[in-house]
Amino acid sequence: MIDVVMPQMGESIVEGTLTKWLKKKGDRVERDEPLFEISTDKVDTEIPAPAAGVLSDVFVDEGKTVAISTVVGKIDENGTGAIAGAPVAESAPVPDVGPSVTAKTPEPPPEPVASSAGPYPIPAPEPEPAHAAEPEGDLGPLSPLVRKMAREYSIDLHQVKGSGAGGRITKQDVEAYMSAQGAKTMAQSAQPVAPPQPAAAPPAPPAPPPVYQAPPAPAAPAPAAARAEAPAGRTRIEPMPIMRQRIAEHMVFSKHTSAHVTTVHRVDMTKVAKIRERNKAEFQQRNGFSLTFLPFVVRAAVEALRQYPILNASIDGTNIVYHNDLNIGIAVALENGLIVPVIANADEKTVTGLQRSIVDLSTRARSRQLKPQEVQGGTFSITNFGSFGSVFATPVINQPQVAILGVGVVEKVAAVVEGDAIAIRSKCYLALTFDHRLIDGALADQFTAKAKHVLENWSESVL
Amino acid sequence: MSNAVPRPCEVRDLGRIGYGEALAIQKDLEAKRKAGEIPDQLLIVEHSHVITMGRNGHMENLLAGEDVLRRAGISFYSTDRGGDVTYHGPGQIVGYPILDLREWKRDVVAYVRAVEQVIVDTLAEFKIEAGRVAGCTGVWVDGKKVAAIGVHLSRWVTTHGFALNQDTDLSYFQYIVPCGLAKPVTSMRELGSKAGRGEVTAALTRHFAEQFQLAVHQPVELTETI
């Protein structure tokens with residue numbers, strides 16, 4: 001099954017309106033055939049199918065506006081079209097169930113993890129797959145990647161010897177040419193370059209989707225120079241996926257915006273660990289997912305935020321904006337990035353309710369089925385790097401919030417307890433990164449101490 | 001841009017032409033542009049009275065029934081461009097850029113903003129201070145719309161484009177709520193410019209080339225690709 005997603009049609013675009021499905025559910029589509037139309041700011045765009053197959057699911061109705069990279073439908077590559085009926089039903093046994101196809105098994109709940117946070121759009125595939133070939137003067141067919149490389153590095157393709165089928169210029173040819181040129185300019189004996197593709201090889205390298213964007217600054221392109229310094233074949237250049245670019249921007253933006261300071265408190269989780277141990281089996285049986293430490297931490301953070309609402313605020317110019325709602329973002333690691341879905345009104349939820357939200361949001365984050373509003377409106381964030389074994393880290397604030405709480409791994413340690421005895425206790429570190437523009441150290445520590453107090457003196461029932 | 005060399009662009013002024021005919025030419029050029037058979041294109045046209053509806057258009061923004069329009073000598077088309085309803089007619093300079101945005105920027109918003117800029121720069125040459133209104137695509141002078149924009153994109157190749165009211169009979173806009181916005185329209189003429197169509201078209205083409213880093217030229221064979 002191939003996901004069909006809302007593509008990103010430009011830098012600043014975060015959502016698009018699906019104006020028209022050009023195929024119906026059950027219709028056969030060819031790769032690159034126009035599948036649906038979207039509308040963004042007076043521009044209507046036809047979006048081609050990412051693969052050939054049968055449009056097996058349609059999740060977004062015409063006229064709906066969704067965030068970029070939202071899954072709008074699915075293509076079953078093995079489907080044979082509506083006419084064949086039965087095989088389709090076989091391969092898609094759950095018709096009309098909607099987006100929630102995944103979260104059925106009570107697996108150990110995917111624990112959201114991440115070392116830092118930020119609400120990013122998940123990357124969208126380029127709106128069109130790379131063309132196989134397009135003629136370019138006397139050069140024969142050139143792949144978009146080759147053209148892009150030629151443009152980017154100002155290469156005269158007439159100077160490049162093609163090794164592909166029919167003398168076609170491949171990516172490897174361009175790389176070999178650049179390496180040779182680079183070696184020349186360095187006045188060194190050229191290292192043997194990668195052997196050219198055998199003629200029998202598939203015509204075009206399976207090019208990464210060309211995501212070339214003109215460099216924003218008019219400065220001369222540095223890549224060619226950087227390229228020349230590297231010995232042949234010792235580097236590989238890849239464009240960053242859009243999600244990576246967004247994360248990069250977001251992180252640097254946050255670091256530029258806030259005065260980041262991190263304070264770390266050690267918390268005795270023994271009591272919570274015992275409660276969890278005691279209720280684990282029954283909790284799993286009742287709810288279908290297991291009980292982790294995270295909802296306890298969220299609950300403790302909520303209590304602390306109630307007492308110190310300035311940590312639930314944001315800065316607008318010289319104003320402090322206090323948010324009445326406690327919407328807690330939970331950082332979830334994805335395969336190649338992260339996203340921070342939000343538990344809205346987290347203060348109205350019990351530990352069970354919080355655990356349910358965490359499991360639901362993180363599962364759907366990974367299957368890319370979050371709704372746009374579910375990654376918006378966060379007022380405070382929590383990141384659970386402990387699930388990767390980290391003891392403590394210094395997370396980056398998720399703008400425009402002013403603080404983020406990081407949870408380290410809960411470990412049994414030898415501790416000095418009352419009466420100067422040594423005992424085995426479950427402990428973890430809570431790391432609070434706060435924006436020193438608004439919050440001073442003393443307050444940050446009072447906040448964290450409050451969360452610690454709630455956890456160490458847990459009194460709520462969890463079942 | 002990393003490449004300083006301007007990309008070629010063919011410009012044709014097709015003069016007065018019916019909307020349907022111009023649309024057919026656009027679609028033909030779009031297909032050829034997608035196939036890489038031709039460079040970027042800019043068509044300049046002038047339409048006879050026509051009201052067109054974009055894909056997201058709302059029929060309620062068309063204030064007259066089709067029979068009323070027919071009696072007034074106005075044709076009506078539903079099209080695949082973005083935006084709501086608009087009017088084209090004599091005295092209006094309509095531009096249809098057929099650009100492969102992959103050669104420029106893969107960004108539809110940047111494209112629309114750039115087209116707006118071309119018109120703003122052109123109007124400045126004729127001493128008209130125009131600008132943008134946030135959330136209302138188009139070019140505006142003192143709260144009145146002087147140019148409308150609506151674009152269709154397929155594989156990053158643009159069709160449709162902009163319509164600048166040079167010396168348009170603005171009374172024809174009474175039949176519609178332009179672009180679904182209940183805001184007044186204006187023209188260069190109404191704003192005090194006596195510039196002729198040729199002058200304005202030349203300036204538009206020049207600013208268009210500058211904005212999109214194109215080397216414009218008129219193709220020798222005007223009819224060959226049509």
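This dialogue goes through selected features of a predicted two-chain model.

Visitor: What should I know about numbering and confidence before reading the model?

Guide: Residues count from 1 along each chain as its sequence is written, while chains are lettered from A and ligands numbered from 1 in the order in which they are written. As the model is predicted, local features need pLDDT of at least 70 and side-chain atom pairs count only at pLDDT 80 or more, whereas totals for chains, interfaces and linings use all residues.

Visitor: What does pLDDT say about chain A?

Guide: pLDDT is the predictor's confidence in each residue, from 0 to 100. Chain A averages 77, and 72% of the residues score at least 70. Over residues 82-110 of chain A the value stays under 50.

Visitor: How many helices and strands does each chain have?

Guide: Helices (H or I, at least four residues) and strands (E, at least two) are DSSP runs, numbered from the N terminus. Chain A has nine helices and 21 strands; chain B has four helices and eleven strands.

Visitor: Which share of each chain is buried?

Guide: A residue is buried if 20 or more other C-beta atoms, placed from the backbone, lie within 10 Å of its own, exposed if 12 or fewer, and partly exposed in between. Of the 463 residues of chain A, 41% are buried; of the 226 residues of chain B, 45% are. Among contacts with a separation of 6 or more, residues 24 or more positions apart account for 67% in chain A and 77% in chain B.

Visitor: Why is Gly131(B) classed as exposed?

Guide: Gly131(B) is exposed because it has 11 C-beta neighbours inside 10 Å. This glycine lies in strand 7 (residues 131-133) of chain B. Leaving out residues up to four places away in sequence, Gly131(B) touches Val120(B) and Trp140(B). Its C-alpha is 9.1 Å from that of Ile119(B), twelve residues apart along the chain.

Visitor: Where does Pro48(A) fall on that scale?

Guide: Pro48(A) is partly exposed because 19 other C-beta atoms lie within 10 Å. Pro48(A) belongs to strand 5 (residues 43-48) of chain A. Between Pro48(A) and Phe36(A), twelve residues apart along the chain, the C-alpha separation is 7.1 Å.

Visitor: How do I judge the length of a helix?

Guide: The expected span is 1.5 Å times one less than the number of residues. Helix 6 (residues 270-287) of chain A, with 18 residues, reaches 24 Å from its first C-alpha to its last, close to the expected 26 Å. Helix 3 (residues 108-125) of chain B also has 18 residues and reaches 26 Å, close to the 26 Å expected.

Visitor: Where is the kink in helix 6 of chain A centred?

Guide: A bend at a residue is the angle between axes fitted to the seven residues ending there and the seven starting there. In helix 6 of chain A, a kink of about 55° is centred on Lys280(A). The buried residues of this helix are Thr270(A), Val272(A), Ile275(A) and Arg276(A). They pack against strand 11 (260-268), helix 7 (294-307), strand 21 (421-435) and helix 9 (441-456) of chain A. Just after the helix, Gly288(A) takes a positive phi of about 85°.

Visitor: How do I read side-chain direction in a strand?

Guide: In a regular strand the side chains alternate between the two faces of the sheet. In strand 3 (residues 50-53) of chain B, Val50(B) and Thr52(B) point one way and Ile51(B) and Met53(B) the other, and all are buried.

Visitor: Which strands pair with strand 3 of chain B?

Guide: Two strands pair if DSSP finds at least two bridges between them. Strand 3 and strand 4 (residues 75-78) of chain B are parallel, with four bridges, and Val50(B) has Ser75(B) as bridge partner. Strand 5 (residues 85-88) of chain B is joined to strand 3 of chain B by four bridges and runs antiparallel to it; here Ile51(B) is bridged with Tyr87(B).

Definitions and conventions. Contact = placed C-beta atoms within 7 Å.
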